[in-house]
Amino acid sequence: MTTLIIGGSGFLGTELIRQAKAAGHTTAATYATRPGDTAETAWYPLDLRDAQSLDAVMTEVRPTVILNASSGGADWPVTAQGPTRLAMAAAKHRSRMVHVSSDAVFSGARVHYDESCLPDPITPYGAAKAAAETGVLAVYPTAAIARTSLIIGYGRSAHEKLIHDLAAGTRDGALFTDDIRCPVHVADLAAALLELAMYETTGIHHIAGPDAVSRHELGILIANRDGLDASRLPTALRANSTHRGALDVRLDSRATQRALRTTLRGVRQFALHLPEEAGQAALAAPALLTGE
């Protein structure tokens with residue numbers, strides 16, 4: 001099986017490569033600025049706005065599975081139109097496709113969201129991600145969309161780095177006490193995405209942890225795990241800030257969890273372990289993806 005990971009040099013992409021290789025997949029990956037350092041992986045520069053370049057990569061790799069873990073922020077041509085173009089290429093080459101989306105497609109007005117809920121984004125980024133979902137399924141109905149939340153793990157995520165910087169006083173900012181999400185460990189997310197690809201499920205899926213926590217509570221959990229002084233973490237209310245965004249978005253992942261062998265752990269569970277320990281615990285996950 002040949003697996004192509006779009007955005008392979010990113011945090012999630014790196015973990016997807018690790019697990020796919022451990023499961024025996026031939027892996028190829030794309031990058032926007034520079035390739036990752038994963039050995040025995042073929043790397044290709046790719047701009048999702050360039051249909052000709054995309055077709056060239058697809059023709060050379062001929063992937064069985066495509067996992068789109070790319071991130072273009074609020075850049076509409078990259079984040080909204082790029083995945084649709086990728087889905088068209090996947091359909092042309094008859095490759096299985098799993099596209100990673102975000103809880104940013106929701107406004108937070110109803111707090112709890114399962115897979116039947118329609119997007120109602122309130123930010124440019126959320127609007128771009130919602131448009132991508134619509135575009136992908138419109139041109140390739142057998143693709144799978146996986147919405148997720150804050151991705152944590154190994155001490156290397158942007159959220160964990162922010163917490164360390166705030167505790168050290170080397171960065172300005174604050175952790176919102178009224179901004180609530182359902183963090184997921186990167187190892188659990190990657191294993192679940194690979195499962196979705198193997199089982200050939202279609203449509204919308206939610207892959208997030210079962211624990212709903214504020215960004216400040218997440219900061220306390222990470223600080224306690226890493227031996228930081230949690231009292232040094234500054235707090236604020238998103239409602240009083242200039243940072244527009246949803247306040248309380250809780251992805252209900254129970255339906256997807258019932259279809260997975262991968263356990264989606266809550267942050268209150270996986271934050272009990274040091275990053276290295278969590279990494280060792282995750283090494284068993286790829287065995288579930290071999291079909292053995």
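**Exercise 1: The chain as a whole**

Residues 24 or more positions apart account for 77% of the contacts in the protein chain with a separation of 6 or more, where a contact means heavy atoms within 4.5 Å. This is a predicted model, in which local features need pLDDT of at least 70, side-chain atom pairs count only at pLDDT 80 or more, and totals for chains, interfaces and linings use all residues. Residues are numbered from 1 along each chain as its sequence is written, and side-chain values use heavy atoms, with hydrogens and water left out.

Task: find what share of the 292 residues is buried.

Solution. Start with the cut-off: buried means under 20% relative accessible area, exposed over 50%, and partly exposed in between, using a 1.4 Å probe and protein chains only. By that rule, 52% of the 292 residues in the protein chain are buried.

**Exercise 2: One residue**

Task: describe where Met 97 sits and what Met 97 touches.

Solution. Next, check its cover: Met 97 is buried, with a relative accessible area of 0%. Then list partners, leaving out residues up to four places away in sequence: among them are Ile 66, Pro 83, Leu 86, Val 136 and Tyr 140. Finally, compare positions: Arg 62 is 35 residues from Met 97 along the chain, and their C-alpha atoms are separated by 13 Å.

Technical notes
Helices (H or I, at least four residues) and strands (E, at least two) are DSSP runs, numbered from the N terminus.
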